[in-house]
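Please keep the sequence and structure in view while reading.

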Amino acid sequence: MVQDPRQYVVIGGGLAGLASAVWLAEAGKQVILLERRGRLGGRTHAMKVDAVDDLTDNGQHVIASGYEHLFRYLTSVGTREHVAFPHGGTLRWPGGRSVFMSTKGWGAWRTLFGAHPDASLLDRLRAARATVRLGWQSLHQPADLADLTTEQWFNRVGMPAAAREALWDWLALGLAAEPVQQESAKILADLLATGIRLGIEHRRAVTIGYPTTDLDTLFISGAQRVFEKFGVEVRHRAVARRINIDNGAVTGVVLADGSVVPADAVVCAVPNSNIGGLLDELPEHAEIYAAADKLGYTPIVSTNLYLDRPLGTKAEFEALIGGTGIIDEVFDRQLMTGRGTERAWLYCLTTSGAYEQIHKTNEEILDEQMRLLRRYYPAAENAKVVQGHVVRLPKATFSQVVGTHGLRPDQRTSIPTLVLAGDWTATDWSATMESAVQSAAKAVDLLLALRSVP
């Protein structure tokens with residue numbers, strides 16, 4: 001392949017930026033990747049916990065089988081084999097009661113139609129009817145759906161309280177990282193529609209999986225091998241301030257130190273929280289900045305708990321049910337990755353929409369999480385914390401509350417050689433890894449479709 005002499009600059013070393021750089025390099029483009037921090041990965045990376053000599057992630061991520069663009073990326077970087085699909089998880093109630101949550105075949109339908117252990121036959125019939133209504137309205141959306149919260153939508157279709165408690169409130173929170181009382185129903189409807197479409201297209205239901213290795217190995221190490229193979233230049237601590245535009249074309253990227261990186265084309269792959277100032281020379285910058293600001297941010301707190309004994313989990317990931325408002329999911333890293341327990345058992349806890357928890361101290365969070373675990377896992381009653389590791393992500397994703405529909409900008413801009421990427425731009429998914437990578441695919445396709453880069 002003949003190398004294109006023009007220079008393509010990718011701003012941002014998160015998942016959207018990594019995918020953009022990988023695919024541009026594979027297409028024979030000369031690529032420079034600018035990352036403001038000292039490491040790649042953005043909101044998906046691993047961290048060393050020295051006290052227990054372990055490598056853990058900055059937050060646990062699940063992967064849906066419908067993440068087509070993410071799997072394309074993993075194939076490009078050679079790590080596709082590090083994703084497993086167990087076809088189920090556990091729904092757990094206070095006191096230790098649990099129900100297996102199937103995500104495959106007839107068992108998945110049983111889960112959707114009423115997984116609560118106390119649900120009556122009438123509850124299950126009502127849940128089945130409400131679930132069908134949700135699916136139908138996702139594909140044929142009512143005009144006012146964007147004005148409703150997810151909770152209001154559930155009430156409208158008649159979703160029973162038992163079904164909401166056991167599955168739907170938790171599922172909606174996990175998909176959009178917002179409580180159903182403020183989450184936009186339009187977000188959940190679009191996600192359900194995408195899942196239904198992919199299920200029909202591939203003749204199999206979308207299911208949930210997880211990485212079997214750390215996030216550095218899954219997303220970053222393979223990308224670095226691609227960069228080395230194709231000569232991609234990665235510049236760390238390179239803080240981009242402005243994208244220069246002249247005569248309708250990109251000319252370069254101004255860095256914080258005043259230097260300019262020449263560019264014939266730019267992929268701006270930064271979160272909505274970092275977009276300010278970069279697009280000042282783009283004619284429509286005011287509209288994009290306003291959208292980025294209105295989308296706001298949703299906090300997520302991840303806690304890595306190293307315990308002196310096992311919790312007694314039954315599946316790789318378990319959802320804590322019962323209106324706790326603290327932990328969405330507990331991930332058993334022993335079952336997920338096969339890690340040894342010579343030093344401790346590792347459990348990763350995720351709290352989405354952590355508006356209250358994000359402001360607490362590490363000690364308060366650890367104490368709160370352990371008290372909650374003891375409510376759900378009898379084996380945790382006498383467990384001791386060998387090491388606790390709290391990861392705060394105050395701007396983990398863009399917010400998906402009522403009033404945000406239609407704000408996400410397209411990857412295309414009025415300047416053909418300047419494209420946007422990132423999970424907050426317009427895709428088929430909400431704030432997920434798939435959204436980030438799909439945005440990269442769209443951005444790269446726009447640049448590759450140009451007959452020539454001025």
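## Basis

The model is predicted: local features need pLDDT of at least 70, side-chain atom pairs count only at pLDDT 80 or more, and totals for chains, interfaces and linings use all residues. Residues are numbered from 1 along each chain as its sequence is written, and side-chain values use heavy atoms, with hydrogens and water left out.

Helices (H or I, at least four residues) and strands (E, at least two) are DSSP runs, numbered from the N terminus.

## Three-stranded sheet

Three strands make an open sheet with the order S5-S9-S6 and antiparallel pairing; two strands pair if DSSP finds at least two bridges between them. At the edges are S5 (63-64) and S6 (83-84), each of which pairs on one side only.

Two bridges link S5 to the antiparallel strand S9 (residues 208-211). Ile 63 has Gly 209 in S9 as its bridge partner.

## Seven-stranded sheet

A mixed, open sheet holds seven strands in the order S8-S7-S16-S17-S18-S15-S19. Its edge strands are S8 (98-102) and S19 (385-397), and the twist from one strand to the next averages 20°. Axes are lines fitted to C-alpha atoms, for helices over the stretch in contact, and angles run from 0 to 180 degrees between N-to-C directions.

Within this sheet, S17 (residues 329-332) and S18 (residues 345-352) run antiparallel and are joined by four bridges. The partner of Val 330 in S18 is Leu 349. Helix H6 (residues 161-176) packs on the sheet, touching S7 (88-92), S8, S16 (317-320), S17 and S18, and its direction makes about 60° with that of S8. Contact means heavy atoms within 4.5 Å.

## Helix H11

Helix H11 (residues 362-376) lies across S7, S15 (298-307), S16, S17, S18 and S19, at about 70° to S15.

Buried residues (under 20% relative accessible area, 1.4 Å probe, protein chains only) of H11 include Ile 365, Leu 366, Glu 368 and Gln 369. Their cover includes S7, S15, S16, S17, S18 and S19.

## Helices H4 and H7

The axes of H4 (residues 121-139) and H7 (residues 185-202) come within 8 Å and cross at roughly 90°. H4 is therefore roughly perpendicular to H7 (65 to 115 degrees).

Gly 135, Ser 138 and Leu 139 in H4 meet Ala 189, Leu 192, Ala 193 and Ile 196 in H7.

Conventions:
Angles under 35 degrees count as roughly parallel, over 145 as roughly antiparallel, 65 to 115 as roughly perpendicular and the rest as oblique. Buried means under 20% relative accessible area, exposed over 50%, partly exposed in between (1.4 Å probe, protein chains only).
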